[in-house]
Amino acid sequence: MGTTLIGLIVIAAVVFYLVFIYNRLVTLRNQFKNGFAQIDVQLQRRHDLIPNLVESAKAYLSHEKSTLTQVMEARHNAVSAQQDAARDPSDSTKIQRLGSAENLLTKALANFYAVAENYPDLKANETIQQLMEELSSTENRVAFARQAYNDGVMTYNTFREQFPNNILAGMFAFKETAQLELESPEARQAPKVSF
């Protein structure tokens, strides 16, 4: 009788531990998905501002149509990648595609800003200034949301890979998830400043 009771207690403890691991994996997965939802909101805001900025700048940049076209094409690709990633934020391929598309959009916007520097009337336009300031603020929000998402993904991936969690994670198809990362080596390097 005593051995049976001890056996039942051990089995119950193992079952409760496995339930704990499973529930923790679900919690962590939901946290990083929520983190992605926050990025999604900020990216949507960013993507919504860009057409207004381009439309406002068209009159001033009539000779720079290729720059404006490049920005709009990069925006279109980023919106498409964002929508695709939002359907399954746990799919590493979709997250990496989103990172690439956003990096290309950032480069296109940087090119736009560089071109805009050559047009004093454009820089002085109040609407343009307001849109650029709002876009800059949104870029900061995206950076904070991306950091929170990456932290959530790291916590999830670490817990998922630990033993014996990795066994249960494999049994229930808790797959590894990618972080949103900068791709270009230039973006990782500090800018060079000379006077």
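# Burial, ring pairs and overall form in a predicted model

User: Why does Asn-150 count as buried?

Analyst: In this predicted model, Asn-150 has a relative accessibility of 11%. The cut-off for buried is under 20%, so Asn-150 at 11% counts as buried.

User: Where is Asn-150 found, and which residues does Asn-150 touch beyond four places in sequence?

Analyst: Asn-150 is found in helix H5. With residues up to four places away in sequence set aside, Asn-150 touches Gln-179 and Leu-180.

User: What makes the approach of Asn-150 to Leu-180 a polar contact?

Analyst: A polar atom of the Asn-150 side chain lies 2.8 Å from the backbone nitrogen of Leu-180. The limit for a pair of N or O atoms is 3.5 Å, so the distance of 2.8 Å is within it.

User: How many aromatic pairs are there under the rule for ring centres?

Analyst: With ring centres required to lie within 6.5 Å, the count comes to seven aromatic pairs.

User: Why is the pair of Phe-32 and Tyr-149 called edge-to-face?

Analyst: The ring centres of Phe-32 and Tyr-149 are 6.2 Å apart, and the planes meet at 75 degrees. Edge-to-face requires over 60 degrees, so 75 degrees puts the pair in that class.

User: Which parts does the pair of Phe-32 and Tyr-149 tie together?

Analyst: Phe-32 belongs to helix H1 (residues 2-57) and Tyr-149 to helix H5 (residues 126-161), so the pair links parts 117 residues apart in sequence.

User: How do you know whether Phe-32 and Tyr-149 are buried or exposed?

Analyst: The relative accessible area is 1% for Phe-32 and 0% for Tyr-149. Buried means under 20%, so Phe-32 and Tyr-149 are buried.

User: What class does the aromatic pair of Phe-36 and Tyr-149 fall into?

Analyst: Phe-36 and Tyr-149 are 6.0 Å apart centre to centre, with 70 degrees between the planes, and the pair is edge-to-face. Phe-36 lies in helix H1 and Tyr-149 in helix H5, so this pair ties together parts 113 residues apart in sequence. Phe-36 is buried, as is Tyr-149. Phe-32, Phe-36, Tyr-149 and Tyr-156 form one aromatic cluster.

User: Which residues touch the most other members of the largest nonpolar core?

Analyst: Leu-61 and Tyr-149 do, in a core of 44 residues. H1, helix H2 (65-87), helix H3 (92-116), H5 and helix H6 (165-171) each supply at least two residues of this core. H1 gives the largest share, twelve residues. Beyond neighbours within four places in sequence, the contacts of Leu-61 are Leu-68, Phe-112, Val-115, Tyr-119 and Leu-122.

Note on methods: Residues numbered from 1 in each chain as written. Predicted model: local features only at pLDDT ≥ 70, side-chain atom pairs only at ≥ 80, totals over all residues. Heavy atoms only, no water. Phe/Tyr/Trp six-rings, centres within 6.5 Å; stacked < 30°, edge-to-face > 60°. Buried < 20%, exposed > 50% of the residue type's maximum accessible area, 1.4 Å probe, protein only. Core = buried A, V, L, I, M, F, W, Y, C linked by side-chain atoms within 4.5 Å. Contact = heavy atoms within 4.5 Å. Polar contact = N/O pair within 3.5 Å; in protein donor to acceptor, adjacent residues only side chain to side chain.
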